[in-house]
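Work through the exercises below with the sequence and the model open. Each task is followed by a solution in steps.

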Amino acid sequence: MLNDCECSMIDTPLGALSVHWQRRAVRCVRLPMHKACAHRPTLAAPAWLEQEFHAYFRDATHDFSIVLQLVGTAFQQRVWQALRRIPSGAVKRYGDLAAELGSSARAVGNACRANPCPILVPCHRVVAQRGLGGFAGQTDGASMCIKVWLLRHENVDLTEFGA
């Protein structure tokens, strides 16, 4: 899937992100806690890519203008589009998103877990009925630390989630 992509590393407050892109379209973002990427960075990050991520980490309200080339099922694509409509600083519950999409909370959670471009497709903005839920398929550890960091960066009040 990513064999025909370029891979660049971008330093962020979360650590180095591995970003896979092709012809100015991002296909995958790997967070620092993911296993080492099988693709070694082939190029320094191009300015257009680095500027977008740095803008977000300076100002959480930054709207990404990065073109995405996401590979997934039709349902996953619908969920990922819905995630991109959740504004910075807001959260949506899995169940509420599922109701909007005529699906189940579990199916939405599975689509979030399969999200190839976290941060750009802000699955961190989806929370459970009670508590924060999960992130990147995990409910604790480094993944959840990143989710909490991103939500705090976006000025989400986490007191109702026990964080």
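This is a predicted model: local features need pLDDT of at least 70, side-chain atom pairs count only at pLDDT 80 or more; totals for chains, interfaces and linings use all residues.

**Exercise 1. Domains**

Task: State how the protein chain is divided into domains, and how many residues of domain 1 are in contact with domain 2.

Solution. Step 1: the assignment gives domain 1 as residues 6-58 and domain 2 as residues 74-156. Step 2: taken over C-alpha atoms, the centres of the two domains are separated by 20 Å. Step 3: across the boundary, 14 residues of domain 1 are in contact with 15 residues of domain 2.

**Exercise 2. The largest nonpolar core**

Task: Find which residues of the largest nonpolar core touch the most other members, and then list the surroundings of valine 26.

Solution. Step 1: the core holds 49 residues, and those that touch the most other members are Val26, Phe53, Leu83 and Ile119. Step 2: among the elements that give two or more residues to this core are strand 2 (15-22), strand 3 (25-30), helix 1 (47-58), helix 2 (74-84) and helix 5 (141-153). Step 3: at least three core residues come from each of domain 1 and domain 2. Step 4: apart from neighbours within four places in sequence, valine 26 is in contact with Val19, His20, Trp21, Trp48, Leu49, Ile66, Val67, Leu68, Gln69, Cys117 and Leu120. As background, nonpolar side chains in soluble globular proteins tend to be buried together.

**Exercise 3. Helix 2 against helix 4**

Task: Are helix 2 and helix 4 roughly parallel or roughly perpendicular? Describe the contact of helix 2 with helix 4 as well.

Solution. Step 1: the two helices pack at an angle of about 80°, and their axes are 9 Å apart. Step 2: angles of 65 to 115 degrees count as roughly perpendicular, so helix 2 is roughly perpendicular to helix 4. Step 3: helix 2 contributes Phe75, Gln76, Val79, Trp80 and Leu83 to the contact, while helix 4 contributes Ala107, Val108, Ala111 and Cys112. Step 4: eight of the residues in this contact are nonpolar, one is polar and none is charged.

**Exercise 4. Positive phi**

Task: Where do arginine 24 and asparagine 155 lie, and what is phi in arginine 24 and in asparagine 155?

Solution. Step 1: arginine 24 sits in the loop between strand 2 and strand 3. Its phi is near 65°, a positive value in a residue other than glycine. Step 2: asparagine 155 belongs to the segment after helix 5. Asparagine 155 is not a glycine either, and its phi is positive at about 65°. Step 3: asparagine 155 has a relative accessibility of 68%, so it counts as exposed.

**Exercise 5. Burial and spacing**

Task: Classify histidine 153, aspartate 59 and methionine 9 as buried, partly exposed or exposed.

Solution. Step 1: buried means under 20% relative accessible area and exposed means over 50%. Step 2: histidine 153, in helix 5, has 17% and is therefore buried. Beyond neighbours within four places in sequence, histidine 153 is in contact with Tyr56, Phe57, Asp59 and Ala60. Step 3: aspartate 59 lies in the loop between helix 1 and strand 4, and at 39% aspartate 59 is partly exposed. Step 4: methionine 9, in strand 1, has 37% and is partly exposed. The C-alpha atoms of methionine 9 and alanine 45 are separated by 6.3 Å, although these residues are 36 residues apart along the chain.

Notes. Residues are numbered from 1 along each chain as its sequence is written. Side-chain values use heavy atoms; hydrogens and water are left out. A nonpolar core is a set of buried Ala, Val, Leu, Ile, Met, Phe, Trp, Tyr and Cys residues joined through side-chain atoms within 4.5 Å. Buried means under 20% relative accessible area, exposed over 50%, partly exposed in between (1.4 Å probe, protein chains only). Helices (H or I, at least four residues) and strands (E, at least two) are DSSP runs, numbered from the N terminus. Domain bounds come from an automatic or database domain assignment. Contact means heavy atoms within 4.5 Å. Axes are lines fitted to C-alpha atoms, for helices over the stretch in contact, and angles run from 0 to 180 degrees between N-to-C directions. Angles under 35 degrees count as roughly parallel, over 145 as roughly antiparallel, 65 to 115 as roughly perpendicular and the rest as oblique. Ala, Val, Leu, Ile, Met, Phe, Trp, Tyr, Cys and Pro count as nonpolar, Asp, Glu, Lys and Arg as charged, and the others, Gly among them, as polar.
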